[in-house]
Amino acid sequence: MNNPQLDKHGALQHLLSTEGLPVPILRDILDRTASFVNVAAGSEIKKVPLLHGKSVFNLFFESSTRTRTTFEIAAKRLSADVVNLNIGSSSTSKGETLLDTVDNLCAMHADMFVVRHSSSGAAHLIAQHVAPEVHVINAGDGRHAHPTQALLDMFTIRHYKKEFHNLRVAIVGDILHSRVARSQIHALTTLGVPEVRVIAPKTLLPSHVEKLGVQVYHDMLPGLRDVDVVMMLRLQNERMQGALLPSAQEYFKYYGLTQERLALAKEDAIVMHPGPMNRGVEIDSSVADGPHSVILPQVTFGIAVRMAVMSMLAGNT
Amino acid sequence: MNIQIKNGRLIDPRNKIDAQQDVFIAERRIAAIGKAPQGFVAEQVIDASGLIVMPGLMDVAARLREPGYEYKATLESEMTAAVAGGVTSLSCPPDTDPPLDEPGLVEMLKYRARSLNQARVFPLGALTYGLKGTELTEMIELTEAGCKAFSQADAPLTDTRVLLRAMQYAATFGYRVWLRPQDSFLAKNGVAHDGEVATRLGLPPIPVAAETIALATALQLARETGVKLHICRISSAAAVELIRSAKREGLAVTCDVSMNHVHLTEMDIGFFDANCHLVPPLRSLRDRDALRAGLKDGTIDAICSNHSPVDEDAKQLPFAEAEDGATGLELLLPLVLKWAGQERMPLLDALAQVTINPALLLGQKIGHLAIGAHADICVYDPNSVWKVEPAALRSQGKNTPFNGYEMQGRVRYTLLDGQIVFQQ
């Protein structure tokens, strides 16, 4: 089976998932990100002309503020023309199909699509459909993948920990519904992290999750012991009651990240969260705002990583 | 018209014939096998040298989409596809729009099918009104109109008391109930087998327990009521085992499997191939192997195409949103041959799965070539190799997970009631 993300020369054509990304490409993205961190921070030059004259369409079939904004900023800092489309409130509600929408935008000479959709595989479908000079970046599809989030997480880990091969990483929370978790797991295992743990009650774990190369824990105490990195996941409001979990309170009591629990991890452990956080549900405020937290730097790096991906794709035309 | 099919290798599973024998047809029926009857003058001779002559195939699950879904397929298009695939008899599930829950609808379908004069159509009646799972249909009236059994198709029947009553009522009159076992709560929103692939791709899962729980319920109620139960499209190793032990116990239960599940697994979904969005979902390799073992030891009684033509637009969507189903009538024979080849199974045994076995499930005197039987015949070239190209399929449904597959075995002639209805 061909890797749908790579062109026939093995270069990155689309960014759809961290699964199956070759290590050199992953490392290349992280290296480029480093070079954009300063541009992104706005401390030196505000803009670079790498995407000058290119049109980037943010195609969001599912609402998002943070991800869309960071993509928009990233594209603008690369001098691209950016068009934001909240499709949820326009075409598909008029009956237009996903691919018709894409065809119409291609006719407007789109060079790049940044796609978020509630169905797993939506970005793959678009990538298969568009002309070879058009690039697709998956900004989250269903429960499947959110590769730029995982890449910014990898950059954050490398920034603080330097290497991957000596780390123990725990991912905590709703793995079942999380595209972020899946993308993190693939990126971590590809980059050579020897021990990736997932910690969650059985109702929030997909079946056969161990086949993804992780160790499964249901208890925070052994799960967090001696880890270098704690990656928290957001618990969606609609999951907090009903048949998955009895209540947010009980979840926090057993799976919330508190200072006491974090003390089980290594002394220099970092705490990450893709946002937006539910304080007092999955994470205690004292941890979120505490010395181990790298949650805000993650957001800053998020812009740089998206600049890196976009410039790389544009260079592979 | 008198027809002689000469020099072919005749394979008739029911009559245990696998030999070079000529077939003589007169007055729409088999007049003789081997030697011409006295005074027989052939008006047409089909030279079947190098070809295999077998009873026309019987497919127990082919959706024709009429009435109601003519944009997906029509009786004309699908009957043409059937005979091109050597299928001369088929039964269609009642999930049309409106569902086959009234005698008038069944009569209309039978009439339309008959006037096309291609394959024989044996409709399944709806077990409950509108397939809603609450009120029983008029089974006697529907039977008189031509229904051969009663089914919920893929519609849920969650109320077990209604299911019990439906089985009791059907058992009263000796009608067979066909069920595809699936617990609708466990399968809710699911689109793929609850396994490694669904986990990796983030597709909402359908656990095996959705099948086994509904199957165990159906078997238990069959025990209580004595109804003749047919289980449709089993997909898992655990379901094969439940049916195997029910048969051993002597329960009047039969079952079928779709050709898709004989060949494919969850791995074939690859990167979200919507052609593999099927109902039931493609399961693991272990499940597929168990289905094949079930076919070998007689636990499974028939292979069907589960032909479900879908219009192109409905597949051009993300996996979970794409409509389930695949075309199949034209692929049934080559896929049965492929399976037989892979399992080194004698054709006499393999072809029983698409001829006499399904005919017995419907209680029909078809699916074989004894003297006096309807001359429903398929003549195919076992050496013809071809590639599945959607545009070349006659079915209006062009979607198939076997797109691009190489097939061996191609239908040359199809005869229905002693008349050539297809040749190439």
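The legends below describe several close-up views of a predicted model.

The model is predicted, and local features are given only at pLDDT of at least 70 and side-chain atom pairs only at pLDDT 80 or more, whereas totals for chains, interfaces and linings use all residues. Residues are numbered from 1 along each chain as its sequence is written, and chains are lettered from A and ligands numbered from 1 in the order in which they are written.

**View 1. The largest nonpolar core.** The largest nonpolar core has 237 residues, and those with the most contacts inside it are A:Val172, A:Val230 and B:Val177. Such a core is a set of buried Ala, Val, Leu, Ile, Met, Phe, Trp, Tyr and Cys residues joined through C-beta atoms within 7 Å; a residue is buried if 20 or more other C-beta atoms lie within 10 Å of its own, exposed if 12 or fewer, and partly exposed in between, with C-beta atoms placed from the backbone. Helix H11 of chain A, residues 295-315, gives the most to this core, with 10 residues; helices (H or I, at least four residues) and strands (E, at least two) are DSSP runs, numbered from the N terminus. Leaving aside residues up to four places away in sequence, B:Val177 touches several residues, among them B:Leu127, B:Phe150, B:Met167 and B:Leu229, where contact requires C-beta atoms, placed from the backbone, to lie within 7 Å.

**View 2. The side of chain B that touches chain A.** Here 19 residues of chain B are in contact with 23 residues of chain A. Helix H5 of chain B, residues 196-201, supplies the largest share of the chain B side, 4 residues. That side divides into 9 nonpolar, 5 polar and 5 charged residues, with Ala, Val, Leu, Ile, Met, Phe, Trp, Tyr, Cys and Pro counted as nonpolar, Asp, Glu, Lys and Arg as charged, and the others, Gly among them, as polar.

**View 3. Strand S20 of chain B and its partners.** Strand S20(B), residues 406-416, is mostly covered, with 8 of its 11 residues buried. Strand S19(B), residues 377-387, runs antiparallel to S20(B) and is joined to it by 8 bridges, pairing being defined by at least two bridges found by DSSP. In this pair B:Ile377 stands opposite B:Leu415. Strand S21(B), residues 419-423, is also antiparallel to S20(B), through 4 bridges, and B:Tyr413 stands opposite B:Gln423 in S21(B). The hairpin of S20(B) and S21(B) has 2 residues between the strands, and B:Asp417 takes a positive phi near 55°.

**View 4. The buried residue B:Ala322.** B:Ala322 lies in the loop between helix H10 (312-315) and helix H11 (332-342) of chain B. With 24 C-beta neighbours inside 10 Å, B:Ala322 counts as buried. Apart from residues up to four places away in sequence, B:Ala322 touches B:Ala274, B:His277, B:Ala314, B:Lys315 and B:Leu317.

Note on methods: Contact = placed C-beta atoms within 7 Å.
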